[in-house]
Amino acid sequence: FIGALPGKIRQNTAYRPFVRSLKTLEDEEYVKAAFPDLRIVHGDLHPRVMSCRLLVLDSPSTTLNIAMAANIPTICYWNPDHWPQCRQIRPYFERFEKAGMLFSDATEAAQQVAAVWDDVPGWWNSNDIQQIRHDWSGQYARTSPIWWWHWARTIWSLSRERAPFPRPKLHKIVGADQ
């Protein structure tokens, strides 16, 4: 992906390595070896996300939900074979693909970044993309200043709908010794 970005965009690109407790993949070292001039950022990802011009994600992580809820311009690319999807989410990702928000090929994702770079707000604020973002957020990234009320109402509703478990009947075995 980085190699397919035009020079002017790559100069404005920063890479945030995935942070994990156990280092199994040295992605920062790999990226720095391939692109020595690339800026590497460390620390908390989410404040950086809030201030970026265009966020590019390489996995369907929590950051996708944060970006959609916060209305951060986002392009995604990943191999769907590496990230299995439940049937309920597939229609959303199909809409992402049609809108030029999701790619399975890194080069195509880089081409989309280049295509929208000069007018990211114009692309991102189009009615189609905003509707997709809104629909996604309504299903997977809801926000509310009174979130606790929504949670309590949902939990109460679920508890009212659920039938109590029947108590098991205990049978005495006739003629059985201890």
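User: Where is the place of glutamine 130?

Analyst: Glutamine 130 sits in helix H8. Keep in mind as we go that this is a predicted model.

User: How do I read its accessibility: is glutamine 130 buried or exposed?

Analyst: The general idea is to compare the relative accessible area with a cut-off, and buried means under 20%. Glutamine 130 has a relative accessible area of 17%, so it is buried.

User: Which residues is glutamine 130 in contact with, leaving aside neighbours within four places in sequence?

Analyst: Those residues are Asn71, Trp124 and Asn125.

User: Let's look at one of them. Where does asparagine 71 lie?

Analyst: Asparagine 71 is found in the loop between H4 and E4. Its relative accessibility is 29%, so asparagine 71 counts as partly exposed.

User: What should I know about phi, and what is the phi of asparagine 71?

Analyst: Here is the general idea: most residues other than glycine have a negative phi. Now the case here: asparagine 71 has a phi near 60°, which is a positive value in a residue other than glycine.

User: Now for helix pairs. How do the axes of helix H4 and helix H8 cross?

Analyst: For a pair of helices, look at the distance between the axes, the angle and the handedness. The axes of H4 (residues 62-70) and H8 (residues 127-140) come within 9 Å, crossing at roughly 120°. Because of that angle, H4 is oblique to H8. The crossing of H4 past H8 is left-handed.

User: Which residues make the contact?

Analyst: From H4 come Leu64, Asn65, Met68 and Ala69, while H8 supplies Arg133, Trp136, Ser137 and Tyr140. Sorted by class, this contact has five nonpolar, two polar and one charged residues.

User: What is the idea behind a nonpolar core, and which residues touch the most other members in the largest one?

Analyst: In soluble globular proteins, nonpolar side chains tend to be buried together. In this model the largest nonpolar core has 34 residues, and Leu64, Phe96, Met101 and Trp136 touch the most other members. Several elements give two or more residues to this core, including H4, H8, helix H5 (90-98) and strand E4 (74-77). Helix H6 gives the most, with four residues.

User: What does tryptophan 136 touch, not counting residues up to four places away in sequence?

Analyst: Tryptophan 136 touches Leu64, Asn65 and Met68, and also Ile89, Tyr92, Phe93, Phe96 and Ala141.

How values were computed: Residues numbered from 1 in each chain as written. Predicted model: local features only at pLDDT ≥ 70, side-chain atom pairs only at ≥ 80, totals over all residues. Heavy atoms only, no water. Axes fitted to C-alpha atoms, helices over the stretch in contact; angles between N-to-C directions. Parallel < 35°, antiparallel > 145°, perpendicular 65-115°, else oblique. Left-handed = near helix turned anticlockwise from the far one by under 90°. Contact = heavy atoms within 4.5 Å. Nonpolar A, V, L, I, M, F, W, Y, C, P; charged D, E, K, R; others polar. Core = buried A, V, L, I, M, F, W, Y, C linked by side-chain atoms within 4.5 Å. Buried < 20%, exposed > 50% of the residue type's maximum accessible area, 1.4 Å probe, protein only.
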